[in-house]
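Please keep the coordinates open while reading.

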Amino acid sequence: MSSSVVVYSPDDIRGRIVSKILRVNGIKSLLFSSHFEVKEAIVRNSPALIILDLKKNVSSELNFLETISYELSEATIIALADTSSVHVLENLGLTNLLCVSDPLDPELVLSMVKDTLAGEFSIRAYIHILQKALSKFLRLVIRSIKIIILLIIGLLGGYMYWCVSTLPATENLDEYSPYESSKIFSYDNVLLTEFYVERRTFIPHEKIPKHVINAFIAVEDMRYYKHHGIDIIRTIGALFRNIKEGAFVQGGSTITQQLAKMLFLKPEKTITRKIKEIVLSLQIEKKYTKDEILGLYLNKAYFGARAYGIEAASQAYFGKSAEKIGISGAALLAALPKAPSKYSPFKNHGESLNRRNYVLKRMLVAGFINEKEYHEALSDPIPIKYHGRKHKAPYYVDYCRTVLEKKYGDRLYTSGLKIYTTLDYKDQLKAEGAVRKGIEKLKKRGIEEVQAAFLAVDLKTGRIKAMVGGTNFWDSQFNRVTQAMRQPGSAFKPIVYLAALKKGFRVDDILEDQEVTYVVKGRDKTWTPHNYREIYHGTVTLKKALALSLNAATVNLAKKVKIKNVIETAETLGIRSKIHPFYPSALGASELSLMELVYAFAAFARGNRIEPMCIDRIIDREKLALVEPSGVREKVIDNKVLANLKRMLRAVILNGTGKKARSLGRKVYGKTGTTNDYADAWFIGFDDETVAGVWVGRDNRMPIGENETGSSAALPIWIEYMKN
Amino acid sequence: MKIKNFFKSKPSVQAPDGKDNEVEFKAKDEVLDLADTPKPNKKKKTEGALKGPIGLDIGTANIVVAQNRGKDIRALRQLNAFFTVPYSNITKRTLLRDEVIFFEKDKKLYVLGYSAEDFANTFGGNTRKPIESGLLNPKENESISVIRVIISRFIQGPQTKNEKICFSVPGEPLDRPASVVFHESIIRMHLKSLGYSPIPINEGLAVILSELSSKNFTGIGISMGGGMCNVCFAYLSVPVITYSIQKGGDYIDRMVGSSIGESPTKVKEIKEQGLDLTVEPKDRIEIGLHVFYDDLFSGLVKSLQQVLGSSDNIPRLSMAVPVVLSGGTVIPRGSRERFEKALSNVRLPIRISDIIIAQKPLYATAKGALTMAMTEEKEI
């Protein structure tokens, strides 16, 4: 059954009126003015409703009505005719009959149609209204979208024009001038070194070994020879991967883009920079061949260790020319530009090795090397020794560089800054001498290849006065002050005692010092802390327990104070390394750096937390000085507690493990530390002006030597420095 | 499709006798942006670049073309009149120099549009009309030529095949039977020859389409032009009643002129110079104008009563419907009140809600025709 209403009217105007009011109200209608047409429509559509305009004369329409009466027997008929005509229609068997007499009332007809179509109408009317509203809404949306698109196109066009108009000329690429170096001074005006862009030793691309080039292509830009500066596939892939990982795990920049970025653009992460980078890349690709671009890239890239360019990098890491670099060396060099500091073999050995091996894997997958070459390269060690130029206070300078790079990025090497550090060069020389002497003494006792680290900090400001990160920077750049994570042993104990004092314990409160076995929670294990030389005192005061560094009494105290309060206290002192919530942590089992420990002790001196500070002021090209703020922070230990803590730390010197320091003949405070098997020896102590810490040990964590404790191995170095 | 840049172009048009005549189109046409208030005396230069369907009002006094330009409708109006001068090279050169619209035929120069009026005033004669009483003037052999040339100046031809052009046609005159069919056919033939798909629309219905969209295109539209008044009663845009009376602005001018012994041209001038029917007349001409305005309105509403009353097609309406008046004759202030007064004296089979004057009386018909053309274009 059709949903249209069939309208028959020999009068054009009346028919159109009826038809129109139906259509305006969302009812489909078919209007016919001839017998033939309407008959055909009725036969074809079997309408549920037909409107017959019989105004003129029913009798004249009789023959026609007879011919269609059969088809209309089921339909409802609205007859526009006099009521007197009804019986004529009824005689024809048309029973579902509604009659509308003249004058024509379109609204009445509409109402009848609505009633007849009932449900069907309501749905259709609803759809009609909905369609109208939707159509209006869509028009509005389309119009808005058009305006927005035009606006965006306009803005983008203008923006792109601006970006392109401010681009540097790629013609200058070959003549790119070097930057002005930054000078780094000690606090007492001694030039320590210069931070500069390494004098590049240009190596023509033809001379760069194929496997070096392949290593870079494998890890940086696999489709390098297929794209024209921009790798759409890689960009989209990187986008999807980053979205999937929820972090920036893959970059989409091609080698050409990286070259454009490093040559002409600032390291900022902005859309503008990206657009400029793309345009420049296209220009570079237009001007240079692929091999030339690759050559430029390798000669300009930064590889860490102050090495710019593949030749300088090869010299710095391997002490030989890039022409002589093997596959594993090539892989290491290719590993570096992504994050030179993170993947530095001197700083992060493990990360560096992993990244190099990843590059090798990529080379294998790409078919640049075969299985045999791959496995051979994997077995090659990565370099540990820097082959660059030597300078003063190298560990300290390297530490400053790390701090400054975070702040200034590449500008550090190019902006002609004058950087005045907090280092007291005389103190530094003293510290280096003290370490040297300490190591020599150990050597005399037959202890070889041991490392030591030293840090001295000014108590009033938190400024680093001296730093020695190892016995020889030029052999090992690993900084044992800042990078080595070692167990502090008993040197951690003052933190436990501080937590106790804060909780209301007194210096003379009694502690049990007995061999006690503790059950490890959640594990079927026990743990028994032992005192050094297995001597137990039964009961001791807090002061004596710390002075003699008694393990059993300290664990007993930690139990009373609760380990979580010990951890909290450590955190307030500025320790950021994880202190595990187990009793062994009270005896210094959780690893931390010498720097953390020294700054924690700095708080013991004056009661304030102190932040490390290595830069005094920076003067830029315009002679504008940027003075760094003091490292002294909030008060974390109140005066009464502080006084008691210092009494206990003084007792360590007077009556305890730090007796040797009495030789200084002045009031100093401190604490020794020795870990199991004599793997680490510590002494951290302070006077009224300086806090200093010493660590002695081996990088491989093997014992220093029998009976080499904090007192015997570390304290002499500290005393040597603190003399005078 | 473009409106011709008639200030610069020199198109060739087909002369009525089939010969090619070089016609110079340099005239002052009135251009109105229907988004603005009409300023009948201000002549603007057309900017061209109009697109899409066209609405065309061929009236006794004016020819108006309406077309979309972006969101606005642009309308161009030209006086539907001509004046002939004997051919001479020097006259032709003068016409060319003065950018006058004209064509040349049978050793005569036919000056068209506003320029014809200027010539008539200069030479002391009357302009001649291609349309009389709303229909092609049977007394003028060159009627269709004049109309063709004027229309051709506005429109350059369709840009797509069968582009819609909707042109106004009068309703059948009540008072003097005349062949609207002939008039309509001639215009249709001409537009078709230009490549358009022409659609005729009753002038009164065009007024309704232009002004009564908010009333669902239901009401009475009356276009009161120079030659006739066209009336249409439409229900939901279906024209139920259409007719015309062959009285309009020219009738008023003529009757006033003959009553007081003044030339109709002078009467017309007074009428168009700001006649205010709401205030007492100042002189004989104004008295005459008041009288014959009332006469015209009276005759009009009587015709309305007669036609509506005698029609059996008038549907039963639950609501009152508006009457909208348009055309140059209703421009004088007070026309609406005079018509309302006249209407109050008759009873109609339908209730009237309000009487309104078209927003832009001179352009309503063309705008309505454009609406129709656009609707037809959409339905393709």
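A:E449 has a positive phi of about 50° although it is not a glycine, and its place is in the loop between α17 (425–444) and β9 (451–458) of chain A. Here helices (H or I, at least four residues) and strands (E, at least two) are DSSP runs, numbered from the N terminus.

This is a predicted model, in which local features need pLDDT of at least 70 and side-chain atom pairs count only at pLDDT 80 or more, while totals for chains, interfaces and linings use all residues. Residues are numbered from 1 along each chain as its sequence is written, and chains are lettered from A and ligands numbered from 1 in the order in which they are written.

With 19 other C-beta atoms within 10 Å, B:L236 is partly exposed.

In chain A, five strands form an open sheet in the order β2-β1-β3-β4-β5, with parallel pairing; its edge strands, each pairing on one side only, are β2 (29–32) and β5 (97–100) of chain A. Two strands pair if DSSP finds at least two bridges between them. Neighbouring strands of this sheet are turned by 15° against each other on average, direction ignored, where axes are lines fitted to C-alpha atoms, for helices over the stretch in contact, and angles run from 0 to 180 degrees between N-to-C directions. Within the sheet, β3 (residues 49–53) and β4 (residues 76–80) of chain A pair in the parallel sense over five bridges, and A:I50 has A:I77 in β4(A) as its bridge partner.

Helix α2 (residues 35–45) of chain A packs on this sheet and touches β1, β2 and β3 of chain A, its direction making about 165° with that of β1(A). Helix α1 (residues 12–24) of chain A lies across β1 (5–8), β2 and β3 of chain A and runs at about 175° to β2(A).

Which elements give two or more residues to the side of chain A that touches chain B? The contact takes 14 residues from chain A and ten residues from chain B, two residues being in contact if their C-beta atoms, placed from the backbone, lie within 7 Å. The elements are α1 and α5 (106–165) of chain A, and the largest share of that side, seven residues, comes from α1(A).

Chain B has ten helices and 18 strands, and 50% of its 380 residues count as buried. Strand β9 (residues 108–112) of chain B is mostly covered, with four of its five residues buried. Strand β7 (residues 82–86) of chain B pairs with β9(B) in the antiparallel sense over five bridges, with B:T84 standing opposite B:Y110. Strand β8 (residues 102–105) of chain B also pairs with β9(B) in the antiparallel sense, over four bridges, and there B:F102 has B:V111 as its bridge partner. Two residues lie between the strands in the hairpin of β8(B) and β9(B), where B:D106 takes a positive phi near 50°.

The largest nonpolar core has 138 residues, and those with the most contacts inside it include A:I51, B:V111 and B:L112; such a core is a set of buried Ala, Val, Leu, Ile, Met, Phe, Trp, Tyr and Cys residues joined through C-beta atoms within 7 Å. Helix α8 (residues 284–310) of chain B gives the largest share of this core, ten residues. Leaving aside its neighbours within four places in sequence, B:L112 is in contact with residues including B:F82, B:F102 and B:V146.

The buried residues of helix α7 (residues 264–272) of chain B are B:V267, B:K268 and B:K271. They cover an arc of only 100° around the axis, and therefore lie on the same side of α7(B), the arc being that of the directions from the helix axis to the C-beta atoms. What covers these buried residues includes α6 (249–260) and α8 of chain B, and just after α7(B), B:G274 takes a positive phi of about 105°.

How values were computed. A residue is buried if 20 or more other C-beta atoms lie within 10 Å of its own, exposed if 12 or fewer, and partly exposed in between; C-beta atoms are placed from the backbone.
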